[in-house]
Amino acid sequence: MERKNLKFNGSFLNNNRAYLFLIIVLFAGIFRNNFFTAFNINSVTGNGSLVMWLGLGFTICLIAGHMDLTVQYVSTLAALMCLGLHSRQGLPWLVCILIATCMGVLVGLINGFLVTKLKIHSFIATLGMQFVLRGVMYMYSPEEQSIGRDYSANEALNGSLIPGLPFSLYFLITTLVIVIVMVFMRNTRTGRNIYMVGGNLETAWLAGVKSNQVTTIAFVLSSASCALGGALNGIYSGAANISMGEKGIAPLMIALTATIIGGTDIAGGHGSVLNTYISLVAVAFLRALFKKTEMQVLVIAIILIACICYETIAQYRKSKVLGTRPNLHLEYLKEIGRG
Amino acid sequence: MKRKSLAILLSVVMVVAGCLAGCGSSGNETAPAQTEEESKPADSDGGTESEAEAPAESTGGSNLEESLALFDEAVASVMTTDGHPMLAPGVTFEVPAAEGTAEELEALDDSESAKWHYYEHLDWDESQDAQFPASPADGSKGKHVIMIVHGAHAWTTCFSEAFEQACEAVGMTCDIYDPNWDQSTQDGYIDQAINEQPDAIGVIPVSADHAAQQFKKITDAGIPAFCVNTTVNAEAMNYVMAFTGPNDWYQMRTLADSLGEAMNGEGGVAYITHNVGGSPYYARCYGPLTELAEKYPNIKTLDIQSPGFEAAAVKQVVADWITKFGDDLNAIVLADDSDQAIGTVEAIKAAGRDDILVVAAGISKQGAELVESGDLYMMSYQSCQGDAGLAVRTMAEYFNGVDISRVSYIGTDVISKDNVADFTPCQW
């Protein structure tokens, strides 16, 4: 059996930059008092869980070669619905979560229909859906800016499943779902088809992949996961309001940044939900390192720009090599142990 | 080779960012530790108590004396930019008994002040109060507090600077976190602040509805929680050590009294409100409305509109009123003395109606200029720096072992052309 050579070179660093990012942030935490306390780890990972769901949805769509700009609004509407159905209609929490998730599935189906059947660019289609969702939110909560103040299930999601484990139940559920999606994407035919459709639509068609169906599945997975995450976040924080994330650092922007830092190709076909998740854990700890919002924004922006610059230059060099000697790139990959 | 260099460059950027994070955040952490160190020499200085109790007792004694001296000096010397004491004592009001349950009062007419009881008064069930941490009574000097404001605004900048100044004056250190009006970011800052284990945490809640959970977290962590500026509901008050801020209702009622007198108890009034749903919306509209309805029954309410804070939109509303109501429109009450006042004055001037009296909640630079020019008849005085000063004063009193009032308000005044000079230069 041939063993793969593990080389600690530029390529290795680049492929694992999400992990590198996390290690550096955790290393920086050593210099800060009370950083590695159970309370801090619990609150940082718990408060950062919402964007992990958004990152999950965004990454799936980006792998399929599309952008889903509705992720943040789906999660906010799901949070409002979940808390609203519980406080106004008195429905049990599980039913509320289920209904909110079904709303996410519906939004995903509509997004998929707009992109695959009406052939609208996903950026435009999901941007339009953003406004539709905002309109629905204002209709659902016309006068009250905030829904909730019901903390009956809040303590359960804030608490730890195993005594002594410094993670909230909310974060553990988030992690579990991400692992399930990761396995789905890697080990199922549909998951691999999402990669294929995102990588090269023509090849996928020649291989007999129903690209429209696969694209719609990607949108449904994205919206459903964001809705589930939003509903859980509503219960976790005990309240939801229409303007969640509209001020401060927008969760959508953090999800997008982490997806890129995690190495997902903006053009589609390449990426990993696990890497996005690791990036988002790192971003959550990074935000806890800096007290000032402006510093958080600045550092995240610098890292994002560095990653994009790297991607752009690497893409240019790859194209250059492929253009002059097609097989040279394969030889090069073999040489560095990635062939 | 270039690829490798780029990857290394990327790593270097991340390392530098990480180290910056570590270094940048470590500095402030030393504050509580320094407090302990500062108090240690005081142990040896003090010391007439028994050996077992000596360290704590003598430290508290020495530090307390210094803190009390600092406090007195700060109260006497620290002034707002308009020349008023920044750490002036708070004002308390007696809460009248509610004339029914919240549901019963909701059914009353908007012009009855009883309807707004639970909006106006911080009326909560004290028997439901959480167990608050006892005052250390060892002095404010060396204490570290964290203030979590609501969001970026000229008012907030003024408040933050005054808060830092007042803290320094009483020997405290502070960190101020700004969540930029985002609820979830403020929640994150609450957790972060608890993790820092400061001596007290002050919060201006982004959402009054969600404040109960925030204050519960802080109080459950054994840290005294202070609510500043924005009133919260009864449930949240059970977890608030003390509230300090303006009494918007009282200020607007006082302003309405002066307006009613100027109108000789007759005429028509129209109202332009604050953002719908927030506490200033109710206080700045229904405060004067109910006051005029009770004391001056011949003054009629003509209309209530919420055009926002754009001068052009307000100008349009006022122009419509002048056309619609004609001579019946005698006064306008505004929730804001800057853009709303500018739009109103422009519409009045365009219509040549100098007889319309305009009053507003203040005080901004634009408002003061309009009062000086006579375009704005009167406005209320709500000191931003005084707000910060009262919060710091209350925290310092708590650390000094002084009994603090659960609710205390900043003082107020009615500003007219005659006394506007006493309130300038404006604070923000």
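A: Confidence comes first. pLDDT is the predictor's confidence in each residue, from 0 to 100. Over residues 21-58 of chain B, pLDDT stays under 50, and the model has 34 contacts beyond four places in sequence for them. Contact means heavy atoms within 4.5 Å. Chain B averages a pLDDT of 84, with 86% of the residues scoring at least 70.

This is a predicted model, in which local features need pLDDT of at least 70 and side-chain atom pairs count only at pLDDT 80 or more, while totals for chains, interfaces and linings use all residues. Residues are numbered from 1 along each chain as its sequence is written, chains are lettered from A and ligands numbered from 1 in the order in which they are written, and side-chain values use heavy atoms, leaving out hydrogens and water.

Chain B holds 14 helices and 12 strands. These are DSSP runs numbered from the N terminus: helices are H or I with at least four residues, strands are E with at least two. Of its 428 residues, 54% count as buried. Buried means under 20% relative accessible area, exposed over 50%, and partly exposed in between (1.4 Å probe, protein chains only).

Now the side chain. B:Arg284 sits in helix α10 (residues 279-295) of chain B. B:Arg284 is buried, at a relative accessible area of 13%. Its side chain makes a polar contact with the side chain of B:Asp248, at 3.0 Å. A polar contact is a pair of N or O atoms within 3.5 Å; within protein, one must be able to donate a hydrogen and the other to accept it, and residues adjacent in sequence count only if both atoms are side-chain atoms. The side chain of B:Arg284 also reaches the backbone oxygen of B:Ala335, at 2.9 Å. Leaving aside neighbours within four places in sequence, the contacts of B:Arg284 include B:Met252, B:His274, B:Val333, B:Ala361 and B:Gln382.

Next, the sheet. Six strands of chain B form an open sheet with mixed pairing, in the order β7-β6-β8-β9-β10-β12. Its edge strands are β7 (299-305) and β12 (414-415), each pairing on one side only. Two strands pair if DSSP finds at least two bridges between them. Strands β8 (residues 329-334) and β9 (residues 357-361) of chain B pair in the parallel sense over four bridges. B:Ala331 has B:Leu357 as its bridge partner in β9(B).
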